[in-house]
Amino acid sequence: MSEQQARNAAIAGEDACIYAYGIIGAHLAAAGQRKARRALDSHRAWRDRLLAAGDYVPGSAAYELPFPVQDAAAARRLAILVEQRMVPAYADLAASTSGDLRAQAVQAGCECAARSVAWGGPTQAFPGLDSPAAQD
Amino acid sequence: MTWTGPGVQGRAHAGGLGRRGFLAGAAALAGSMALAACSSASPTSADADADAIAVRAQVADAEAALIAQYATTVAAFPELAAGLQPILREHQAHLAAMGTGLATDASTPVGQPPATAAQALIALADAERTAAQQRREACVAASDGELARILALIAASEAAHVPALGEIRA
């Protein structure tokens with residue numbers, strides 16, 4: 001995977017997270033909503049950093065939720081899933097780049113993995129790769 | 001939510017990164033991608049291999065120490081076992097991924113545990129923070145792209161152990 005491919009994939013993933021957190025926040029009560037808001041801000045900031053690092057070829061921006069999200073429990077499940085899925089995307093970016101962008105990628109992956117657990121997700125030896133949730 | 005599974009793609013493509021890997025090593029040492037492009041003193045691929053072996057050995061040692069710390073804690077505070085065993089197993093997977101084939105039984109408890117279960121959990125969380133930081137640094141310094149990818153995943157796993165430990169009640 002080239003650096004640009006990996007960066008495009010990470011940006012597309014961040015766009016998906018931003019979309020998902022709009023739905024997640026709508027189904028949570030005050031404390032969860034604040035947590036979702038902080039996560040949303042973080043994903044927006046990482047997307048902007050990735051966009052600033054080079055060219056971006058946008059893909060199709062139609063998202064389909066993996067399951068219906070109509071209550072707080074489903075909203076948390078979606079948050080766990082989208083955070084887990086970002087970790088391998090950032091690991092691929094770390095693999096295909098070096099220096100500052102690699103440092104940013106590994107930092108972003110750590111933040112996503114920690115948030116997935118903070119939302120109640122399981123810990124994983126290789127986050128996003130060894131979870132049934134990530135393989136659907 | 002449908003988007004292409006990046007992990008699968010990464011595994012399929014990661015093998016092709018070795019050639020540019022040793023340039024990345026120079027970049028990491030200098031903290032600058034620009035220098036790698038201008039560097040006239042590229043390390044040989046043998047240097048890059050030796051570098052990757054050294055990094056793997058260092059990470060394997062650190063993982064073995066973490067495993068021992070968890071084993072010591074579980075032995076002293078059996079009530080924490082249910083919460084800690086899954087995390088311990090993840091460190092064993094990290095150790096195995098370093099492929100160094102350590103002969104030592106890393107699950108043997110060593111040293112003295114803290115006085116209370118609560119203190120032991122705090123010590124483990126501190127150790128995980130340090131581990132995640134060390135893995136991030138090793139990832140940035142890695143001369144090999146595939147090694148960088150594994151270290152990024154291990155760093156993320158360890159960063160996520162911190163909130164998990166916070167949920168375990170002493």
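Between chain B and chain A, seven residue pairs are in polar contact, counting pairs with both residues at pLDDT 80 or more. The model is predicted. Chain B is built from seven helices and has zero strands. The structure holds nine salt bridges over all chains.

**The side of chain B that touches chain A**

- Helices H1 (6-13), H2 (18-30), H5 (81-97), H6 and H7 of chain B each give two or more residues to the side that touches chain A.
- H7(B) supplies the largest share of that side, with 15 residues.
- By type, the residues on this side of chain B divide into 24 nonpolar, ten polar and five charged.
- In total, 39 residues of chain B are in contact with 40 residues of chain A.
- The area buried between chain B and chain A is about 3,400 Å².
- Carbon and sulfur atoms give 69% of that buried area.
- One salt bridge is found across the interface of chain B and chain A.
- Arg149(B) forms a salt bridge with Asp92(A), and their closest N and O atoms are 3.5 Å apart.

**Pro163(B)**

- Pro163(B) lies in helix H7 of chain B.
- Leaving aside neighbours within four places in sequence, Pro163(B) is in contact with Ala114(A), Val117(A) and Ala118(A).
- Pro163(B) has a relative accessible area of 23%. Buried means under 20% and exposed means over 50%, so Pro163(B) counts as partly exposed.
- Pro163(B) and Ala125(B) are 38 residues apart in sequence, and their C-alpha atoms are 8.3 Å apart in space.

**Salt bridges around Arg135(B)**

- Side chains of opposite charge can pair when their charged atoms come close.
- Glu63(B) and Arg135(B) meet in a salt bridge, at 3.1 Å from N to O.
- Glu63(B) lies in helix H4 (residues 45-76) of chain B and Arg135(B) in helix H6 (residues 117-141) of chain B, so this pair ties together parts that are 72 residues apart in sequence.
- Glu63(B) counts as buried because its relative accessibility is 0%, under the 20% limit.
- Arg135(B) also counts as buried, at 2% relative accessibility.
- Glu158(B) and Arg135(B) meet in a salt bridge too, at 3.3 Å from N to O.
- This pair links distant parts of the chain: Glu158(B) is in helix H7 (residues 145-167) of chain B and Arg135(B) is in helix H6 of chain B, 23 residues apart.
- Both Glu158(B) and Arg135(B) are buried.

**Salt bridges in chain A**

- Arg47(A) forms a salt bridge with Asp15(A), with 2.9 Å between the closest N and O atoms.
- Arg47(A) is in helix H2 (residues 30-52) of chain A and Asp15(A) is in helix H1 (residues 3-26) of chain A, so the pair links distant parts of the chain, 32 residues apart.
- Salt bridges link Asp15(A), Arg47(A) and Asp48(A) in a network.

**Chain B as a whole**

- Along the sequence, chain B follows the pattern α-α-α-α-α-α-α.
- Chain B has 170 residues, of which 46% count as buried.
- Among contacts in chain B between residues at least 6 apart in sequence, 79% join residues at least 24 apart.
- The accessible surface of chain B comes to about 7,900 Å², and 59% of it belongs to carbon and sulfur atoms.

Terms used. Residues are numbered from 1 along each chain as its sequence is written. Chains are lettered from A and ligands numbered from 1 in the order in which they are written. This is a predicted model: local features need pLDDT of at least 70, side-chain atom pairs count only at pLDDT 80 or more; totals for chains, interfaces and linings use all residues. Side-chain values use heavy atoms; hydrogens and water are left out. A salt bridge is a side-chain nitrogen of Lys or Arg within 4 Å of a carboxyl oxygen of Asp or Glu. Helices (H or I, at least four residues) and strands (E, at least two) are DSSP runs, numbered from the N terminus. Buried means under 20% relative accessible area, exposed over 50%, partly exposed in between (1.4 Å probe, protein chains only). Contact means heavy atoms within 4.5 Å. Buried area is the accessible area (1.4 Å probe) that two parts lose on being put together, summed over both. A polar contact is a pair of N or O atoms within 3.5 Å; within protein, one must be able to donate a hydrogen and the other to accept it, and residues adjacent in sequence count only if both atoms are side-chain atoms. Ala, Val, Leu, Ile, Met, Phe, Trp, Tyr, Cys and Pro count as nonpolar, Asp, Glu, Lys and Arg as charged, and the others, Gly among them, as polar. Accessible areas come from the Shrake-Rupley method with a 1.4 Å probe; for residues, only the protein chains shown count as cover.
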